[in-house]
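Subject: Structure handover

Hello,

Here is the structure I said I would pass on. My notes follow it, with the cut-offs given as the terms come up.

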Amino acid sequence: MSTLQRVIANAVAAVDRAGRIVKEVLHSGSLGIIDKAQDDLQTEADRSAQKCIVASLSKSFPRMKIIGEEGAQEGMAAKDDWIVKELDGAVLKETLPSDLAGVDEKDIVCWVDPLDGTKEYTQGLLDHVTVLVGFAVGGKAVAGVVHQPFYNYTKQADPFKQGRTMWGIVGLGVRGITPAVPASGKIITTTRSHSSPTINACIEAMKPTEVIRVGGAGHKVLLLIEGQAHAYVFPSPGCKKWDTCAPEALLEAAGGALTDIHGSKILYHADVDHPNWGGVLATCKRDLLPQYLREVPESVRQALPVLGQKL
Ligand SMILES: Nc1ncnc2c1ncn2[C@@H]1O[C@H](COP(=O)(O)O)[C@@H](O)[C@H]1OP(=O)(O)O
Ligand SMILES: [Mg+2]
Ligand SMILES: [Mg+2]
Ligand SMILES: [Mg+2]
């Protein structure tokens, strides 16, 4: 059994526990909101869910490098029942692509966003929330685990029996989600809570038939995979590597593509800068990406630094 496969299997089990914590905090009625920076909130759910995922993965895979959005969380003990040792059986049944099967634990970099869509979580837009665990090897996003705790959420049913988990491995495919493409139009999804004149100018230049403004990098990539939007356009440095690693791998495994606004690969080595300085551009199908890249106005390109290598 390959190490990467065991790591992904553990992450699939751990995100479910993290999603439970996200629900428990919501139902406690006390979100414990902290302002980390302007337009950058953290809640008790972000803190505790990160502790759960990082404590679980680091216990079983101590040589893997794990980078979480909420930092080291020093002084905060993980409760015993937050530590998930289980490995998801469905992941273990798969056969990994040969280039990933032999990867050593110390060469895996894990990017954790314990709660993506924090702003929307605090505003009750619960379906925008995802838990993201991405895995990179050699700087490339190769596997992504995405949990959506409030998928099709209804207050009438048991909250802990709701939610879904999706995962994808580049070269293998996706599980827990069925890829589709929009039937017609030119539908762009983008931020609802971190907008800017540059973002709006870029979208306007692309002449979409519809713009879907929703929260979360994970959520927007799910819209691409499920055929509700053609492109995710975010020419801003606001998204960090933990926002894009798992969504990028899931999208690529589903046949789409995610790069920066210049078409350069986003790099996920352990020592990289955390912000995605070149912004984010993603399409539901990989062959749609060049068209959207050509449509990025020169003024928008000038506003964002060029980094990395072209895809
Ligand atoms: N200016 C910003 N500061 C901090 N985080 C940001 C910023 N812009 C985007 N993000 C992160 O990227 C995600 C996608 O952006 P948006 O929802 O605006 O489209 C956000 O939910 C947030 O992740 P998180 O909620 O995990 O902090
Ligand atoms: Mg955040
Ligand atoms: Mg995020
Ligand atoms: Mg987050």
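**Tyr-232 and the cores**

Tyr-232 touches Thr-189, Ala-217, Lys-220, Val-221, Leu-224, Cys-239, Val-280, Leu-281 and Ala-282, with residues up to four places away in sequence not counted. Touching, or contact, means heavy atoms within 4.5 Å.

Before the rest, the conventions. This is a predicted model, in which local features need pLDDT of at least 70 and side-chain atom pairs count only at pLDDT 80 or more, while totals for chains, interfaces and linings use all residues. Residues are numbered from 1 along each chain as its sequence is written, chains are lettered from A and ligands numbered from 1 in the order in which they are written, and side-chain values use heavy atoms, with hydrogens and water left out.

Tyr-232 is also among the residues with the most contacts inside the largest nonpolar core, together with Trp-111, Met-206, Val-233 and Leu-281. That core has 55 residues. A nonpolar core is a set of buried Ala, Val, Leu, Ile, Met, Phe, Trp, Tyr and Cys residues joined through side-chain atoms within 4.5 Å. Buried means under 20% relative accessible area, exposed over 50%, and partly exposed in between (1.4 Å probe, protein chains only). Helix H8 (residues 241-253) gives the largest share of this core, seven residues. Helices (H or I, at least four residues) and strands (E, at least two) are DSSP runs, numbered from the N terminus. The core lies between domain 1 (3-175) and domain 2 (187-303), because both give residues to it. Another core, of 43 residues, lies apart from it and includes Ala-9, Leu-57, Val-133 and Val-142.

**The two domains**

The bounds of domain 1 (3-175) and domain 2 (187-303) come from an automatic or database domain assignment. Taken over C-alpha atoms, the domain centres are 21 Å apart. Domain 1 puts 41 residues into the contact and domain 2 puts in 30 residues. Between them the domains bury about 2,600 Å², 65% of it on carbon and sulfur atoms; buried area is the accessible area (1.4 Å probe) that two parts lose on being put together, summed over both. The rule finds three salt bridges across this interface, a salt bridge being a side-chain nitrogen of Lys or Arg within 4 Å of a carboxyl oxygen of Asp or Glu. Elsewhere in my notes, the side chains of Arg-164 and Glu-226 are listed as a salt bridge (3.0 Å, N to O).

**Magnesium**

Which residues hold the protein donors of the magnesium ion (ligand 4)? They are Glu-69 (OE), Asp-113 (OD) and Leu-115 (O), at 2.1 to 2.2 Å from the ion. Donors are N, O and S atoms within 2.8 Å of the metal (3.2 Å for Na, K and Ca); water is not among the atoms, so sites may look incomplete. The spacing of the donor residues in sequence is E-x43-D-x1-L. Glu-69 bridges this ion and the magnesium ion (ligand 2), and the two ions lie 3.6 Å apart. Asp-113 and Leu-115 are both buried.

**Single residues**

Ile-66 sits in strand E3 (residues 65-68) and is buried, with a relative accessible area of 19%. Beyond its neighbours within four places in sequence, Ile-66 is in contact with Val-54, Leu-57, Ser-58, Cys-110 and Val-112.

Asn-152 is in the loop between strand E6 (140-148) and strand E7 (164-169). Its phi is near 50 degrees, a positive value in a residue other than glycine. Asn-152 counts as exposed, at 60% relative accessibility.

Regards
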